[in-house]
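Colleague: I have not seen this structure before. Can you walk me through it?

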Amino acid sequence: MVSLREVCGIIIFRWVPLIVLLCVSARAVDRSNFKTCEQSAFCKRQRELKPGRSPYRALLDTLELSDSRITLQLINDNNKVRLLLELYRLQGNMTRVKINELKPLKPRYEVPDVLISDPITETLSVVSQDENSLVLSLGGKDQRLIVSAQPFRLDIVEGPQVLVSLNSRGLLAFEHLRARKDTSISHKISSTVGSMWDSLKKEEDKPGMWEETFKSHTDSKPNGPSSISLDFSLPGVEHVYGIPEHADTLKLKNTDGSDPYRLYNLDVFQYELHNPMALYGAVPVLISHSTDRTMGIFWLNAAETWVDISSNTAGKMMFGKILDFVQVSSEAPQTDVRWISESGIIDVFIMLGPKPADVFTQYASLTGTQSFPPLTALAYHQCRWNYNDQEDVKSVDQGFDEHDIPYDFIWLDIEHADGKRYFTWDPSKFPQPKEMLQGLMDKRRKLVAIVDPHIRVDNGYKIHNEILSKNFYVKNKDGGDYEGWCWPGNSGYPDFTNPEMRAWWASKFAYEQYEGSMENQYVWNDMNEPSVFNGPEVTMHKDALHGGWEHRDVHNLYGLYVQKATADGLVERSGGVERPFVLTRAFFAGSQRYGAVWTGDNAAEWGHLKISIPMCLSLGLAGISFCGADVGGFFKHPSAELLVRWYQAGAYQPFFRAHAHIDTPRREPWLFGPENTALIREAIRQRYALLPYWYQLFYNAHRTGYPVVRPLWVEYPNDVATFSIEDEYLIGKDLLVHPVTDEGATAVTAYLPGKGEVWYDVHTFQKHDGEQSLYIPVTMSSIPVFQRGGSIICRKDRVRRSSSCMENDPYTLYAALNSQGSAEGELYIDDFHTFNFEKAKQFVHRHLSFSANTLSSRNLAPDSQFSTASWIEKIVIIGGSQPSSATLKNAESALEFEFDSTLAVLTLRKPGVNAAADWTVILR
Amino acid sequence: MTCVHLLLTLVFAVSLGTPVEIQRPRGVPLTKKQFYVENKPFTCLDGSRTISFDRVNDDYCDCKDGSDEPGTAACPNGSFHCTNAGYRPMFIPSSRINDGICDCCDTTDEYNSGAKCENTCKELGRKEREVLQKMAEITKEGFLLKQHLIEEAKKGQQEKQSKVTDMQGNKKQLDEKVEVLRTVKETAEQPEKEAKERHLKAWEEQKAAIRLEKDKAKMAEAFLELDDNADGFVSVSELQSHAELDADADGTLTETEAQGLMGGAEQVDTSTFESVWPNIKDKYHSESQPEEPAPVETPPDEVKEPVVDNDSEPYPEDDISEEEDEEDEDDYHEDDDKAPPTIKTPEKNHEDEEAMPSYDADTQALIDAAQKARDDFEEAEKALREMDDQIRNIEKELSFDFGPDAEFTYLYSQCYELTTGEYIYRLCPFNRVSQKPKYGGSETNLGTWGSWSGPENNKYLLMKYDHGTGCWQGPNRSTTVKLTCGKETVVTSTSEPSRCEYLIEFTTPAVCQEPANTDLSPHDHEEL
């Protein structure tokens, strides 16, 4: 008989490897699940190509010029394969460059449905031409597009400045489609392409061109190599931003010593901070900024993409024709950017700015603006994986009322559905969904239920059967329905690239189709990268088929289509009346048109709280304003301090939702003691009071494409000190927020930008000068927020239990005066939930201004009309002097006021005018 | 803009049924009516400032404490009083005035929002009275039951106490008995040991003599066999015919090697052979006998692992409990089960000696006497151990906190089950909580008895069971048991509000409070 101790000893020893493994996987991302550039065959091949003389030559004699574009052929002198170059001058100061094979063996994928329409072109005229160059006019301001023939390169210049050069480092590489050598197809090559075939044969096959295996997954690559690459040089630029989504700094890093930034929508379990790994979404838009100019590069390609950033010195690659034009300063810094994609064509939009706002306008003119959410979506959202049953939903709802904390939405994660069959309800946990929804509606609150795009393969499931009968599933390489493993087990993936499929999907949200649903129920699309647990890199096989196209071609677009189809469904179910609200995890350029995004499965760690700021700022620069991170952190259990700080930060981010993993202890706001409950309540109340401002900013974002939250440099483009700031940001241009994101913090240092600008602490009205770093002592209740002098912000200070309850409440105006004693702002009001603002021009848009002691409200949209019950209850003028009288001109009635002389705050009591009316208040 | 009524006429249906009209500003409770005097300046209740009366309920917040707007939503910190005639009066935050949601059952909070509220106070009052009545009945009966429980518990406790005292007395006697028997045993074992040793020694000597005889016979046989030419001598060459005697294992026995074996002599006679025989006897093979098979080696893989007892804890957890954790069965026994059932030790191959002869009668008598002494001793010792266990168990039971009047004693060593859609939950108070899938599968420990964990004023309302089976990436399972007054002792519901944190609702008479000696009518007009 063996003693107990020996048995344990042996068993402990045997269990060690497993325990270690569990601990490791619980701590961080398992990097080995995801490819490095080295492990991605095309990236490796492309990255092996170093800067040098390009083998491409422009054949100037093939020039064709039309009103809207010019075309030229390019030839690769190494293999004689010809490419077709198309150049467009687009309205709004943009240049589009398209490069495709002149005669591809089969068509190459061009991304549809991302551009809102064919961009409007303007005439490109030839200014001059010689044997090795072509100079085109891009319109005013001496903007020229110079085509150099040998080696081929493009330069956009303005006067003596080079704005951007393409292929100046010779990294244009276009892997032409080819027949596989070992097949009999060579016999069928016609004589016309025979010579090409000869040169082709000289090209060596490289590893991974025709098949690639990663871990246990083999990518069959029936079309062979098809990758593309192009380099861009940005002289004078040291700061580039964008290309979300990465858990990294706002300012993009030099990737010389590391992997390039990767854009490939992936479900990354417990992602790590500060690295260029791909995450759930991809927007291939890069913004460059210097004190001289802001520009953007939009690389319209939905395949796996890698972006290399390197710092360089301008002038090294200057030669040929462009020297006639420009002054070369070899000292100037330069940023080089190189894009590499696995398939498709080169289709790139160069947005020439010159101001940040111009770039936003330009990008919005291509891919559209932020959808205008219903007001309620901007309020607070309470989520958890999972609220267990109807009883649980009810008691959480009551908990908010008992603790007097406002909220608008409660969310149901995957456990609500019957066996993860989306569009259904678990019959034992949610037997009466309408009763539950009605209960919420009685409180003027809403619910979100998750609908993921993986469909349980189950012949007892109506959705599956219909998709099957309509042949709507994505196919595997052999033509059968593609199946993968996800939450429900074996699942099919509807082909969302198919417009008929999307129309069918949208119809499933009709109230009679989606049983148990009601008008206060909205939708969340998760796992739409798509996530395939047993697929390569936890996603779909690249050789899966979407009609005639490989998944390889469309991958980054899949999530956009899922959200689009869902949002369409919500619009349709209301007969086109109601604005939808759909949250998505995966996204692409253009996703801003369909709803909100969040930063995926973060963790309850201070680092994750900090990174939420640059992650959402990057998304905003790339058009997607409606962004948020899971408040509290998804994985792990936050300390009370972290949770409070996260609420305080989240209250000032566009999408404000708390969420938690199923394995974490409950964390509703009242579970951390009365003090913390009070702190969280206050943070949420600040959000609700500020909803009119958020709403107005979203309206403007919808109109113009300007991001709702902005890095400081966007508003202070000449202040170099702001270029790398990512621990504070602006909401619109009038509020500066510096959340506390450090454990045990007793102070933060905020940079207040703008020479001559003044900033007021919104809580104390204390005044601070711009262009200084301000040391701010903080306590647990502090949320450092500053209002810019010169702005008027409208709030609703009567915070109620949901935003809907506050619809008709009066406004308080906070006018913070600048050093000239003036201020201005806007007020936007509509019905807060329908499209009538757009379709029937039913809204109120007011311009508020204060100058020369006169405050007035002027109509910004005289042709619109809307009547509101809201009125002006109070006006607070910060930073002015004490008047002897205040008169409301309309009624010729004197207004009572109070003046706090220490802080110079004047409070006008109850003007009482309707918020939609013209009015003037005169101070004497 | 909203038109706000400054004053509100409230109609009260007092218990006598006579309507009485009382005027006061909207949202003010009667207890504070005195502070709101019409047409007299109003002083904020915190004394911070005084305003003209027309600013009370004028939909603008003038007082920091919100007291000037009891009937509007203007102040962020105000509260609104609804009378709720027929039910209970209450205060609501003033943010709930005119928010479109009916909060007060008398509808007074929604006077200007367009919300269609119905007066539900009477209905609510009726329902509440019903519930209260029912509760009172349950409490009454439950409290009676509780008295019985207390009596029984006290009786039981006394019994156990006296039993322990008795047993401790008995134990003392047993202790003495054990000591006596130990001495008897030791006294009997000494002569037994000596006799056995004597017997063994004699046997060893006898065995040695037999072995010597056998060896001599073998030697003589070998000599005859080796002496091929029967000349009475064994020569070097004769010896060489036995290759197995080869010393350097090169397959041949050389002349030198043979000579070496023979002590340098060319040939030896029978008497000299006696000195050669020890050099060769180990390797020597008789030609007439078949070669002995080589001893079978145990295959190395069979000596793999010690036997693992299935009952022992396979987890490397630090808290390997003394109790048998049969609920901790898991999928990981498989490997252990594959271990060989026993370890085979190679058998002794050369057991040529005969068995030891049985003891002589004297020795056997000594042994029998000693054995009896041993048995007696062990029996007594076992009885003592059992007695100890019993005492310890009773003492353990007595040490539990069974409530201020020992009213929870009856739950001890009982178990209560509830079957839900998927699981059977089992609560064994003061011991453990577990969960077992309804349709097969192993039991999961949801926690072992920790402590009473109710609020300070009555800790006996909640029980906490913790250190249950661990959750992947999560905490160890734990369960809170919420006790409510009921006539029956039963688990009424189970839930898992947070992953691996369970909540069981449990009714028992033991928490029923003495019913208040008052009538059951609700205090709907307390303020009058």
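Colleague: What should I know before we start?

Modeller: This is a predicted model, in which local features need pLDDT of at least 70 and side-chain atom pairs count only at pLDDT 80 or more, while totals for chains, interfaces and linings use all residues. Residues are numbered from 1 along each chain as its sequence is written, chains are lettered from A and ligands numbered from 1 in the order in which they are written, and side-chain values use heavy atoms, with hydrogens and water left out.

Colleague: OK, the sheet. What is the strand order?

Modeller: In chain A, 8 strands make an open sheet with parallel pairing, in the order S33-S32-S31-S28-S24-S23-S22-S34. Strands (E, at least two residues) and helices (H or I, at least four) are DSSP runs numbered from the N terminus, and two strands pair if DSSP finds at least two bridges between them.

Colleague: Which strands stand at the edges?

Modeller: Strand S33 (627-628) and strand S34 (656-658) of chain A; each has a single partner strand, so one side of each is left without a neighbour in the sheet.

Colleague: And how many bridges join S28 to S31?

Modeller: Strand S28 (residues 521-525) and strand S31 (residues 582-584) of chain A run parallel and are joined by 3 bridges. A:Trp524 has A:Leu583 as its bridge partner in S31(A).

Colleague: Which helix packs on that sheet?

Modeller: Helix H6 (residues 433-442) of chain A packs on it, touching strand S23 (409-412), strand S24 (446-450) and S28. The direction of H6 makes about 145 degrees with that of S24(A). Contact here means heavy atoms within 4.5 Å. Axes are lines fitted to C-alpha atoms, for helices over the stretch in contact, and angles run from 0 to 180 degrees between N-to-C directions.

Colleague: Which helix packs with H6, and at what angle?

Modeller: Helix H5 (residues 390-402) of chain A packs with H6(A) at about 5 degrees, the axes being 10 Å apart. That makes H5(A) roughly parallel to H6(A); the classes are under 35 degrees for roughly parallel, over 145 for roughly antiparallel, 65 to 115 for roughly perpendicular, and oblique for the rest. H5(A) contributes A:Gln390, A:Val393 and A:Asp397 to the contact, and H6(A) contributes A:Pro433, A:Glu435, A:Met436 and A:Leu440.

Colleague: Switching to aromatics. How many pairs are there?

Modeller: There are 70 aromatic pairs over all chains. Rings of Phe, Tyr and Trp (its six-membered ring) pair if their centres lie within 6.5 Å; planes under 30 degrees apart are stacked, over 60 edge-to-face, and the rest tilted. One of the pairs is A:Trp411 with A:Trp524, edge-to-face at 5.3 Å centre to centre and 70 degrees between the planes. A:Trp411 lies in strand S23 and A:Trp524 in strand S28 of chain A, so the pair ties together parts 113 residues apart in sequence.

Colleague: Are those two buried or exposed?

Modeller: A:Trp411 and A:Trp524 are both buried. Buried means under 20% relative accessible area, exposed over 50%, and partly exposed in between (1.4 Å probe, protein chains only). Both residues also belong to an aromatic cluster that includes A:Phe409, A:Tyr522 and A:Phe581.

Colleague: What sits over the ring of A:Trp411?

Modeller: The charged end of A:Arg657 does, 4.7 Å from the ring centre. The test is NZ of Lys or CZ of Arg within 6 Å of the ring centre and within 35 degrees of the ring normal. Likewise, the charged end of A:Arg795 sits over the ring of A:Tyr814, at 5.3 Å from its centre.

Colleague: And the hairpin?

Modeller: S51(A) and S52(A) form a hairpin with 4 residues between them, and A:Ala904 in the turn has a positive phi of about 55 degrees. Strand S51 (residues 897-900) and strand S52 (residues 905-909) of chain A pair antiparallel over 4 bridges, with A:Phe897 opposite A:Leu908.

Colleague: Now chain B. What is in it?

Modeller: Chain B has 6 helices and 16 strands, and 34% of its 528 residues are buried.

Colleague: Where is B:Ala195?

Modeller: B:Ala195 lies in helix H1 (residues 121-226) of chain B and is buried, with a relative accessible area of 1%. Leaving aside neighbours within four places in sequence, B:Ala195 is in contact with B:Thr363 and B:Leu366. B:Ala195 and B:Leu366 are 171 residues apart in sequence, and 7.7 Å apart in space, C-alpha to C-alpha.
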